[in-house]
Amino acid sequence: MIVVMEAGASPEVIEAVEARIRAAGLGVHVSRGVERTLVGAIGDERVLEPENFESMPGVERAMHIVKPYKLVSREWHPGRTVVDVGGAAIGGDVVQVIAGPCSVETDEQMAAAADAVARGGARMMRGGAFKPRTSPYEFQGKGIEGLRMLKRAAARHRLPVVTELMDVRTLDAFLAEGVDVIQIGTRNMQNFDLLRAVGRVDVPVVLKRGMSATISEWLMAAEYVAAGGNHRIVMCERGIRTHETAYRNVLDVTAIPFVKRESHLPVIVDPSHAGGKAWMVGALACAAVAAGADGLLIEVHPCPREAWCDADQALAPDEFASLMVRLAAVAGATGRFLAPAPDDRSLAPA
Ligand code: PEP
Ligand code: MN
């Protein structure tokens, strides 16, 4: 950490800063310029907080020079993490597509959705049973029964499932129902109790970026999960809030190479919640893969106009299937390939 002293700071206040750094067990390096003095802390500066110094007399500002996140950083783990989900990899040379409806509605809808997902060539299925809705009067999800419907539908094609956990109190049910990947949604990215709880289980976590979160806050949220012992984390960019109101969110494509450079964790992209319109999903999905995304989370509904949630942004089965063909080409152009669908006899022609 570097502590920048105010112009004209007295030797006593500079010594007080030095003493505080030494008391934390770190070494001190003082650099006296013509106008200002800088005090540097030498050692593991993570034990120091800039705010504790900024409140001291004579201090103008204090800042960390190493990253606040550790376990999720590239400095800590220089290689790339590949998260295994029941034999399907997220990270590495594959581009993994997770598809399915915004919310679990009925057994019939889920069966048709699972068929569309598998036929399109995706290797994992999504579907929300606990829905974080802006209005309390809107459909809130099917709950535990929804988890069962999701599992039943996905099992027909042996697809692992990804679904959102909103409340620590439901975690045991997620484990009991065999949820393969726990999604932490944008609205819960800084629900630290929830992050701590999923950090203690041995189930992969898809961590969506908070809609107004900085990259550093997002990585610190991942650090919470990793600090509990669960290192099977997949970062998911899903669009952020900006001044722009023409579309639902702005897909931060810049975040993909940036987070992959900062962290060893795989990064996937949700183009559906970014654009908020089905017609934008293809362009955003292709951009994400071209920028190096390790996978995509795409909303697909057997009949989008009848969807109970996010009808505008869901792809119909045929739209999804043709997008997968384009995505395979983009993946190939970036030296990767779309994850092959499981050997699924139910897809063979009758
Ligand atoms: C979702 O994936 O269904 C969802 C609610 O996403 P987000 O948390 O990104 O809004
Ligand atoms: Mn949705």
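Arg-152 is partly exposed, with a relative accessible area of 42%. In this report, a residue under 20% relative accessible area is buried, one over 50% is exposed, and one in between is partly exposed (1.4 Å probe, protein chains only). The model is a predicted one, in which local features need pLDDT of at least 70 and side-chain atom pairs count only at pLDDT 80 or more, while totals for chains, interfaces and linings use all residues. Residues are numbered from 1 along each chain as its sequence is written, chains are lettered from A and ligands numbered from 1 in the order in which they are written, and side-chain values use heavy atoms, with hydrogens and water left out.

## Overall picture

The protein has eleven helices and 15 strands; these are DSSP runs numbered from the N terminus, helices being H or I with at least four residues and strands being E with at least two. Along the principal axes, the C-alpha atoms fill a box of roughly 85 × 45 × 40 Å. Of the 350 residues, 53% are buried. Among contacts (heavy atoms within 4.5 Å) with a separation of 6 or more, 68% join residues 24 or more positions apart.

## Helices H3 and H4

Helix H3 covers residues 107-120 and helix H4 covers residues 144-155; they pack at an angle of about 35°, with axes 8 Å apart. The axes are lines fitted to C-alpha atoms over the stretch in contact, and angles run from 0 to 180 degrees between N-to-C directions. The crossing of H3 and H4 is right-handed, meaning that the near helix is turned clockwise from the far one by less than a right angle. On the H3 side, Asp-107, Met-110, Ala-111 and Ala-114 take part, and they meet Met-149, Leu-150, Arg-152, Ala-153 and Ala-154 of H4.

Where does the charged pair of these two helices sit in sequence? Arg-152 and Asp-107 form a salt bridge, with 3.3 Å from N to O. Arg-152 belongs to helix H4 and Asp-107 to helix H3, so the pair ties together parts that are 45 residues apart in sequence. Asp-107 is partly exposed at 34% relative accessibility.

## Other salt bridges

A salt bridge here is a side-chain nitrogen of Lys or Arg within 4 Å of a carboxyl oxygen of Asp or Glu. The structure holds 21 of these. One of them joins Asp-202 and Arg-232, whose closest N and O atoms are 3.0 Å apart. This pair links distant parts of the chain, 30 residues apart: Asp-202 is in the loop between helix H6 (192-199) and strand E11 (205-208), and Arg-232 is in the loop between helix H7 (215-227) and strand E12 (233-237). Asp-44 and Arg-46 form another salt bridge, with their closest N and O atoms 3.7 Å apart. Arg-36, Glu-60 and Arg-61 are linked in a network of salt bridges.

The table gives the accessibility of the residues in two of these pairs.

| Residue | Relative accessible area | Class |
|---|---|---|
| Asp-44 | 43% | partly exposed |
| Arg-46 | 29% | partly exposed |
| Asp-202 | 62% | exposed |
| Arg-232 | 26% | partly exposed |

## Buried residues of H6

Which residues of H6 are buried? They are Leu-194, Leu-195, Ala-197, Val-198 and Gly-199. Their cover includes helix H5 (171-176), strand E10 (181-184), E11 and H7.

## A nonpolar patch

Met-63, Ile-65 and Val-66 make a nonpolar surface patch of about 240 Å². Patches are made of residues with over 30% relative accessible area and no salt bridge; like charges are joined within 9 Å, and nonpolar side chains (Val, Leu, Ile, Met, Phe, Trp, Tyr) within 5 Å. Met-63 is in strand E4 (residues 59-63) and counts as partly exposed, at 31% relative accessibility.

## Positive phi values

Most residues other than glycine have a negative phi. Arg-158 is not a glycine, yet has a positive phi of about 50°. Arg-158 lies in the loop between H4 and strand E9 (161-164) and is exposed, at 53% relative accessibility. Asp-310, also a residue other than glycine, has a positive phi near 55°. The place of Asp-310 is in the loop between strand E14 (295-299) and helix H11 (317-333). Is Asp-310 buried or exposed? Asp-310 is buried, with a relative accessible area of 19%.

Key: Accessible areas come from the Shrake-Rupley method with a 1.4 Å probe; for residues, only the protein chains shown count as cover.
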